[in-house]
Amino acid sequence: KVLDCFPDVVFENVDENKRNITLENLLTMTSGIQWGFGTATDPTTELYDAEDPVKFVLDRPMDSAPGEKFEYNNGNVQVLVAYIEKVTGQSLREYADAKLFGPMGITDYSWEKLPGSHRVGGFTGLKLTVRDMAKIGYLCLVNGQWDGQQLVSEQWLETATKTHTATNGIG
C-alpha cells in the first residue's frame, strides 16, 4: 500500500480508497487520484513547483477506487520516484546509472529536476540520444538482457507491456 511507504507523512483526504492504492496502481495509472491530465485542471504545473511532490500528489482527493479506471497521472510517477529513492537510498539518477544506464553504456543524458523540490522529474525531462533510446528498445526486445546480464526482469517486461485496463484512447 502506497500510504504505508510514507508513514512519516500525514496526508489529506484520506479515505478507504486512498488507503488501498498500491504501487501497482501507480505503475498502471489506475491509482484513482484526481488528476485531469491534459485538461484545464491538470495540476502538473503545480507538481513542478511542489516542495514535497509526494505530499502534493497524495493530498489530492480520490476520483475513483484504485484499479477501477485508467487515468494518466504524472503524480503517480513522481510518487514512484520517491519510493525508489527511499528503498534504495539513492537518487533516481544514481539508481538508474547503477542498474540500467551504466551497464548499457548510456552516459550522455540529462534529467530535468523539479524546481520546487530539486528532485528528478520522473515523469519529464529525461533527454537521451536516439542511439540510447534504441538501446532501451532493444533491451525490451531481448527480454531485458544486455551483454549477458539480466538488467530488467523478463516477467516485469511482460507485465509492463500487457493491457491492464481500458484507456479510452489515452496511453
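What is the volume of the largest pocket? The largest pocket comes to about 1,700 Å³. Let us walk from there through the rest of the fold. Please keep in mind that this is a predicted model, in which local features need pLDDT of at least 70 and side-chain atom pairs count only at pLDDT 80 or more, while totals for chains, interfaces and linings use all residues. Residues are numbered from 1 along each chain as its sequence is written, and side-chain values use heavy atoms, with hydrogens and water left out.

A word on how that space is defined. On a 1 Å grid over the protein atoms alone, a pocket is an open set of points with protein on both sides within 12 Å along at least five of seven lines, whereas a cavity is a set where a 1.4 Å probe fits but cannot get out; lining residues have an atom within 4 Å of a point. Points are joined across faces, edges and corners, and a volume is the space filled by probe spheres set on them.

The lining of the largest pocket has 44 residues, and Leu27, Leu80, Ile84, Trp156 and Ala160 lie nearest its centre. Two or more lining residues come from each of H3, H6, H7, helix H8 (130–141) and helix H9 (154–160). Helices here are DSSP runs of H or I with at least four residues, strands are runs of E with at least two, and both are numbered from the N terminus. H6 gives the largest share of this lining, 7 residues.

After the helix comes Gly89, with a positive phi near 75°.

Along H6, the buried residues are Asn74, Gly75, Asn76, Val77, Gln78, Val79, Leu80, Val81, Ala82 and Glu85. Buried means under 20% relative accessible area, exposed means over 50%, and partly exposed is in between, using a 1.4 Å probe and protein chains only. Their cover includes helix H1 (2–5), helix H3 (23–27), helix H4 (44–49), helix H5 (53–58) and helix H7 (92–101). Take Asn74 as an example: its relative accessible area is 6%, and beyond its neighbours within four places in sequence it is in contact (heavy atoms within 4.5 Å) with Trp35, Phe37, Thr44, Leu47 and Phe123.

H6 also takes part in the largest nonpolar core. Such a core is a set of buried Ala, Val, Leu, Ile, Met, Phe, Trp, Tyr and Cys residues joined through side-chain atoms within 4.5 Å. The largest one has 24 residues, and those with the most contacts inside it are Val2, Phe6, Val57, Leu58 and Val79. H1, H5 and H6 are the elements that give two or more residues to this core. Val2 touches Ile21, Thr22, Leu23, Leu26, Leu58 and Val79, leaving out residues up to four places away in sequence. A second, separate core has 15 residues, including Leu92, Leu139, Leu151 and Val152.

The whole structure holds 1 cavity of 30 Å³ or more, and the largest cavity has a volume of about 40 Å³. Its lining consists of Met29, Thr30, Ser31, Gly32, Ile33, Ser64, Lys69, Glu71, Asn73 and Asn76. Met29, in the loop between H3 and H4, is buried at 9% relative accessible area and has a positive phi of about 60° although it is not a glycine. Thr30 lies in the loop between H3 and H4, is buried at 4%, and touches Asn25, Ala65, Pro66, Gly67, Lys69, Phe70, Asn76 and Thr165, not counting residues up to four places away in sequence.

Finally, some loop residues at the surface. Val10, between H1 and helix H2 (16–19), is exposed at 68%, yet touches Lys55 and Asp59, not counting residues up to four places away in sequence. Asn13 sits in the loop between H1 and H2; it is partly exposed at 42%, with a positive phi of about 55° although it is not a glycine. Thr107, in the loop between H7 and strand S1 (110–111), counts as exposed at 64%.
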